[in-house]
Amino acid sequence: MRTYANRILNLLLWLTLCFLAGTGFLLAFRLLPGSRGGSGLQALGMERHDWRDLHTWSSYAFLALLMVHLWMHWQWIWKVASQRRFWLLGSGFGAGVFILIWLTFLPVSERAGERDGRGHHGRHDRISVESSLP
C-alpha cells in the first residue's frame, strides 16, 4: 500500500511541477504584462491575472505535496543524516531555507514615475470633474 501511495504522490508532484512550469512560461513569455497589465491577452478564456492565481495556488499544492513526500521519506532522510553525511543534508536544507526567506522578505519598490497620482500606471489623460458636468 505504501508503494502505491508513493507512486501516486510522485505522479501528483510531477504533474503539479509541470503545471507550475507551464503556467510560469505562459505568464513570462506569452501573456506579457504590457502597458495595460496584460489586459486583452487571453489563453483558454483566462487573462494574465487568472493564470497568475492558478500558478500561485498550484504552488501551494506543490508545497503541500512536497511536505507529504518528505514526511513519507523521513526514515531515509534520517539515515542520510545519521551516516555522517549531515553536511550534505544540512547544506541543501540550509540553502533552500535561505532562498525561501530571502525571496519572501526581498524589498520591493516602485520605479520612479511609474504611477500617476491616482495609482494608475503610465500616463493617462486627466479629465476634470468640471468638464464632465453639463
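**Notebook: helix packing in a predicted model**

I began with the inventory of elements and found five helices and two strands in the protein. This is a predicted model, and I read every entry below with that in mind. Along the sequence, I noted the pattern α-β-β-α-α-α-α.

Of its 134 residues, 16% count as buried, and among contacts between residues at least 6 apart in sequence, 48% join residues at least 24 apart.

Next I turned to the pair formed by helix α1 (residues 2-30) and helix α2 (residues 48-72), whose axes come within 9 Å and cross at roughly 150°. Angles over 145 degrees count as roughly antiparallel, so α1 is roughly antiparallel to α2. I recorded the crossing of α1 and α2 as left-handed. For the residues of this contact of α1 with α2, I noted a division into 16 nonpolar, nine polar and three charged.

My last entry concerns helix α3 (residues 74-82), where I asked which residues are buried. They are I77, V80 and A81, and because they cover an arc of only 100° around the axis, they lie on the same side of α3. I kept in mind that an α-helix has 3.6 residues a turn, so residues three or four places apart point the same way. Looking for the partners of this side, I found that the buried residues of α3 pack against α2 and α4 (86-104). On the face of α3 turned away from its buried side, I listed the exposed residues Q75, W76 and W78.

Key:
Residues are numbered from 1 along each chain as its sequence is written. This is a predicted model: local features need pLDDT of at least 70, side-chain atom pairs count only at pLDDT 80 or more; totals for chains, interfaces and linings use all residues. Side-chain values use heavy atoms; hydrogens and water are left out. Axes are lines fitted to C-alpha atoms, for helices over the stretch in contact, and angles run from 0 to 180 degrees between N-to-C directions. Helices (H or I, at least four residues) and strands (E, at least two) are DSSP runs, numbered from the N terminus. Angles under 35 degrees count as roughly parallel, over 145 as roughly antiparallel, 65 to 115 as roughly perpendicular and the rest as oblique. A crossing is left-handed if the near helix is turned anticlockwise from the far one by less than a right angle, and right-handed if clockwise. Ala, Val, Leu, Ile, Met, Phe, Trp, Tyr, Cys and Pro count as nonpolar, Asp, Glu, Lys and Arg as charged, and the others, Gly among them, as polar. Buried means under 20% relative accessible area, exposed over 50%, partly exposed in between (1.4 Å probe, protein chains only). The arc is that of the directions from the helix axis to the C-beta atoms. Contact means heavy atoms within 4.5 Å.
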